[in-house]
Amino acid sequence: MFATQVYGDNGKMKEYHYTGPVEHRFSPYSFNGGTVLAVAGEDFAIVASDTRLSEGYSIHSRDSPKCYKLTDTTVIGCSGFHGDCLTLTEIIDARLKMYKHSNNKCMTSGAIAAMLSTILYGRRFFPYYVYNIIGGLDEEGKGAVYSFDPVGSYQRDTYKAGGSASAMLQPLLDNQIGFKNMEGVQHLPLSQEKAVQLVKDVFISAAERDVYTGDALRICIVTKDGIKEETVPLRKD
Amino acid sequence: MALANVLQSESVDFSNYGRKCRGFSSSLYETELGLESVGGDNLSFAVRTACSDGDGPERKIQFLHGTTTLAFKFQHGVIVAVDSRATAGAYIASQTVKKVIEINPYLLGTMAGGAADCSFWERLLARQCRVYELRNKERISVAAASKLLANMVYQYKGMGLSMGTMVCGWDKTGPGLYYVDSEGNRVCGDLFAVGSGSMYAYGIVDSGLKQKDLTVEEACDLGCRAIYQATYRDAYSGGQVNLYHVHSEGWNRVSQSDVLMLHQQYQAEKA
């Protein structure tokens with residue numbers, strides 16, 4: 001151990017310890033925050049995300065939505081490390097084009113989900129640091145939500161929240177959409193208006209308590225008539 | 001590496017780095033080490049990030065883990081029972097995961113450990129089984145299917161795969177049950193329970209199987225109860241109990257019961 005004695009201003013000795021070579025490890029990842037949410041209804045699907053892009057204690061952008069349109073019937077929400085989100089969506093777009101050219105039809109939501117699983121697993125030993133949720137319509141026109149983990153494990157859900165505020169949103173959705181932990185309540189199917197209102201309320205709550213969620217909310221509503229986008233302001237602090 | 005030995009604690013900890021590099025071309029002794037470091041810390045992967053948890057906003061990527069799955073042979077085939085919880089660290093990512101993978105109409109695979117690892121490799125196994133069928137014009141045996149899976153994952157031994165699966169089916173020689181894992185184990189047996197809640201499940205099934213000649217209903221009930229007890233005591237297991245029965249004609253899904261409902265049912269029976 002090297003120890004250098006230094007004399008300070010008041011005459012007292014200051015100890016300065018230098019413990020040998022210090023290495024600063026480069027991390028290939030960074031966490032850019034953001035929350036994504038998807039809900040499947042009878043004949044619609046909603047994919048919503050906040051638009052804040054942060055890193056550490058800073059906000060890089062207040063207008064960086066995390067929903068990306070893949071086809072006329074499918075939208076993907078990606079949160080986590082923004083670099084990997086961008087690359088992953090570009091890879092998915094390229095694969096969609098290749099499929100369209102080879103098979104002369106658009107990929108269905110289920111097919112996109114299965115393909116994404118293998119794309120993610122292909123990087124099993126250096127994963128894409130992205131939490132994906134796909135929302136869209138299946139072949140029968142019913143709403144479908146597929147949620148993924150960073151290495152490609154996926155399953156079909158009715159609703160799912162992902163990203164930094166997911167642990168806050170998911171229990172609320174379990175209660176309001178899944179009717180969990182409620183006794184003697186009628187299980188009414190979710191209408192599109194009610195679902196959109198629920199998504200707005202849920203994000204307002206998330207913005208209150210999660211530092212990485214806020215600024216604005218982008219909602220994509222997928223129906224057989226196409227994809228409609230709506231932007232709602234959230235807390236900017 | 002040599003410098004690290006000389007300076008010991010005064011220098012940067014290269015030991016992790018060294019272990020990872022050695023793991024790929026390793027002697028038996030080092031493989032042990034490599035395994036321990038990888039096997040014990042299930043939430044990590046090959047690349048280590050510089051920041052640890054709590055050090056700034058950087059977080060570790062967390063995969064889905066934790067489970068109870070069991071399968072046992074009996075007079076009328078094989079019973080397969082699993083829970084449906086997936087956890088990412090302490091967060092319950094899902095209560096509705098399908099941990100039984102339907103490889104083909106007469107072969108089932110269970111999922112324990114890393115969710116993506118299990119579903120990916122068993123899907124690949126399904127493909128290989130189909131290729132075998134096309135080439136040989138007959139169904140693949142359970143022993144051969146489990147061997148294919150074991151050999152596939154053995155190539156990735158030491159690289160951090162986490163998979164503990166049971167291949168269950170019925171072939172020419174009768175009911176078949178093999179346990180295959182990412183460490184390279186492949187064992188034939190009459191009863192296996194895999195996952196964080198396996199010890200609790202073993203207790204129930206071992207005592208229930210004492211009396212031989214179970215009927216199908218008794219065996220199904222035993223499997224269901226074993227998983228229920230495991231979900232009761234293991235924090236990482238829960239959700240629903242999915243029950244399958246494999247017989248000579250193939251497999252069929254017996255039931256899917258929510259653990260909360262089962263709890264109320266068993267409480268009522270006790271009273």
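1. B:Asp206 counts as partly exposed because its relative accessibility is 43%; buried means under 20% relative accessible area, exposed over 50%, and partly exposed in between, with a 1.4 Å probe and protein chains only. The residue sits in helix H6 (residues 198-208) of chain B. B:Asp206 and B:Leu191 are separated by 15 residues in sequence and by 8.8 Å in space, C-alpha to C-alpha.

2. On conventions: this is a predicted model, in which local features need pLDDT of at least 70 and side-chain atom pairs count only at pLDDT 80 or more, while totals for chains, interfaces and linings use all residues. Residues are numbered from 1 along each chain as its sequence is written, chains are lettered from A and ligands numbered from 1 in the order in which they are written, and side-chain values use heavy atoms, with hydrogens and water left out.

3. In chain B, five strands form an open, antiparallel sheet in the order E10-E1-E2-E11-E12. Strands (E, at least two residues) and helices (H or I, at least four) are DSSP runs, numbered from the N terminus, and two strands pair if DSSP finds at least two bridges between them. Strand E10 (191-195) and strand E12 (250-258) of chain B are the edge strands, each pairing on one side only. Direction ignored, neighbouring strands of the sheet are turned by 15 degrees against each other on average; the axes are lines fitted to C-alpha atoms.

4. Strand E1 (residues 68-74) of chain B runs antiparallel to E10(B), and five bridges join them. Opposite B:Leu70 stands B:Ala193 of E10(B).

5. Helix H2 (residues 109-121) of chain A has 13 residues, which at 1.5 Å a residue should span 18 Å; its end C-alpha atoms are 18 Å apart, which agrees. The expected span is 1.5 Å times one less than the number of residues. H2(A) is largely enclosed by the rest of the structure, because 10 of its 13 residues are buried. Among them are A:Ile112, A:Met115, A:Leu116 and A:Tyr121.

6. The largest pocket holds about 1400 Å³ of space. Its lining draws two or more residues from each of strand E11 (154-157), strand E12 (159-163) and helix H3 (166-176) of chain A, and from strand E4 (91-94) and helix H8 (259-270) of chain B. The largest share, five residues, comes from H3(A). A pocket here is an open set of points on a 1 Å grid over the protein atoms alone, where a 1.4 Å probe fits, with protein on both sides within 12 Å along at least five of seven lines; lining residues have an atom within 4 Å of a point.

How values were computed:
Grid points are joined across faces, edges and corners, and a volume is the space filled by probe spheres set on the points. Axes are lines fitted to C-alpha atoms, for helices over the stretch in contact, and angles run from 0 to 180 degrees between N-to-C directions.
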